[in-house]
Amino acid sequence: MSLEVSKLHVSVGETPILEDVSLTVGDAERVGLVGTSGSGKSMLAMSVMGLTPSTVRVEGSALLDGQQLVGASPQTFADIRGRSVGFVFQDPSASLSPVIPVGRQIERSLKRHYSLNSKNRRARVATMLEKVGLSADLAASYPHELSGGQQQRVAIAAALITSPKLIIADESTTALDAMTQVQITRLLVSLVDDAGASLLFITHDFSVLARVAQRSYVLGEGRVQEEGPTQDLLEAPQTEAGKRLVLAARKLTFSSSQSDSERRQ
Amino acid sequence: MSILRYIWHRGEGRFSLIVLGCWLIVCALSLVWTPQPLGQSDGYNTWASPSLAHPMGTDGTGRDMLSWLMAGSGTELQIVVATCVLAALIGVVFVSFSLARSGLVSEIATVITDTLLSIPIVLIALILAVPLGASILVVILSCAISYGLNLARIAKPQASLAATSRYVEAARAAGSSRWKALRTHVLPNLIPVFSVQLSICAGTAILAEAGLTYLGIGVPAGTASWGSSLSSSASFISIFPLTVVWPGALITVVVVALNLFGDCLRKAVDPVVNAQLRASEVRR
């Protein structure tokens, strides 16, 4: 499934959030969107999928396999979301309802889009939980009974249970520790590749992006500052925004490896 | 069952369940049997002290206090149940309007709630009594309007917090409509607030019935209720204190039990607090 965003303008009142943003995610391609906090990364994903509040104005074009999403009806969005496009949000403890068992939250998209009976839905949930490396028994747990990593695995299971062809992962590893970040990114990549789906991976962390995306866009001040293969962007960023992000990623990697070696001594 | 079990295992919860259970049993019993017929009054035996024939004594018209209090328990139950159901409906409707996508609708709902909340319950009852006369309906409607709006006001911050939460956004990203996402995610978050507020509302409805009946706009004469038993004897408290003590003690015990029940219910329906609720989900 491909996503083609072109000349996207997003504004709140008179304040522009995104200006003239264009990007493409090809079929079965993993694309990164990197930028500092407040650069408009999440707003781009939300605007494309019609999840912005009514006060936000969205103009331009966003084609999902040729279907125009800008200005689409709520019914169109409701049909696409969860079935063709799966979302993984930033903070799993906030994106899972605290009063509903995780199993029921995972089966939500199935219930919405497919007419399966509850026995079949539960079987699919159990299979999906095992796919993301969790025990099927955890379906009855509430989010507060799970660790951050387990919660994010649940969020991934919820996003992938309908086998969507495009996954949007919005800062899906940001709230996790370094070790869990590696596990979750590996899991996400393997599941996306196995399903033959496309991935738009949104992050502010270049070091994570290198493991995930083949091609990346650097977003800064509401505009695409730079684009290209992730490896090239990491090795030789051309713009100021790109250089700052790469420098920060290197510093983080260096300081973490230094503190690791200090700890070992 | 796990909710009831949780409440039963707490001291205050057990007390509330026993009191409320006795109330229901007495209600059911009074439908088929009372120690003395309700219509019977003994003019030669007024303000009688407790005896074998009249275990709680008689009132100023010679009616058996125990029989009238038993029959009154049914009236109180009707008032409590109807008030709580109506108040919950009013609360949910106004909370839903206050969460409307349109800022204008939300603003109007908030202004209406705040304006009506400033009207005291007695004034609402007096206005309703004009077309309806003194009746149970006046008590129910005035309590439901007042407590329902209060409920909406108290639940609104919690509802707004849930409505703008990341998990509602996640539900919409999974294909749920805005209405469905709110229904599935906001309402469960309101249950703890509603359970506490409705239990308080149930208790205060009994107190309000006593007060409004005392003013002559509540339960009509001839209908058994704890409020009417209290109001008919209130002026004689210094001479025949028992005729006031019985309905007063009954109202106090039931109101306390309702409040304790609400407090325990709030904890029982919260999966973070109630491990038994989580265990029941595993068995599901």
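**Helix packing, a sheet and a chain contact**

In chain B of this predicted model, helix H7(B) meets helix H8(B) through B:Tyr167, B:Val168, B:Ala171 and B:Arg172. On the H8(B) side, the partners are B:Arg178, B:Ala181, B:Leu182, B:Thr184 and B:His185.

H7(B) covers residues 166–173, and H8(B) covers residues 178–215. Their axes come within 9 Å and cross at roughly 135 degrees. That angle makes H7(B) oblique to H8(B). The crossing of H7(B) past H8(B) is right-handed.

H8(B) has another helix to follow. Helix H6(B), residues 136–163, packs with H8(B) at an angle of about 150 degrees. The two axes lie 8 Å apart. Angles over 145 degrees count as roughly antiparallel, and H6(B) and H8(B) are therefore roughly antiparallel to each other. H6(B) also passes H8(B) in a right-handed crossing. The residues of the contact of H6(B) with H8(B) divide into 19 nonpolar, four polar and one charged.

Turn to chain A and its sheet. Four strands of chain A form an open sheet, in the order E2-E1-E4-E5. The pairing is antiparallel. Strand E2 (15–25) and strand E5 (67–68) of chain A stand at the edges. Each has a single partner strand, so one side of each is left without a neighbour in the sheet.

E5(A) pairs with strand E4(A), residues 56–64, over two bridges in the antiparallel sense. Here A:Leu64 stands opposite A:Gln67 in E5(A).

Helix H1(A), residues 41–48, lies across strands E1 (3–12), E2 and E4 of chain A. H1(A) runs at about 110 degrees to E1(A).

Last comes the contact between the chains. Here 26 residues of chain A are in contact with 22 residues of chain B. Which elements of chain A give two or more residues to the side that touches chain B? They are helix H3 (92–95) and helix H5 (108–113) of chain A. H5(A) gives the most, with four residues. The residues of this side of chain A divide into 14 nonpolar, seven polar and five charged.

Conventions. Residues numbered from 1 in each chain as written. Chains lettered and ligands numbered in written order. Predicted model: local features only at pLDDT ≥ 70, side-chain atom pairs only at ≥ 80, totals over all residues. Axes fitted to C-alpha atoms, helices over the stretch in contact; angles between N-to-C directions. Parallel < 35°, antiparallel > 145°, perpendicular 65-115°, else oblique. Left-handed = near helix turned anticlockwise from the far one by under 90°. Contact = placed C-beta atoms within 7 Å. Nonpolar A, V, L, I, M, F, W, Y, C, P; charged D, E, K, R; others polar. Pairing = 2+ DSSP bridges.
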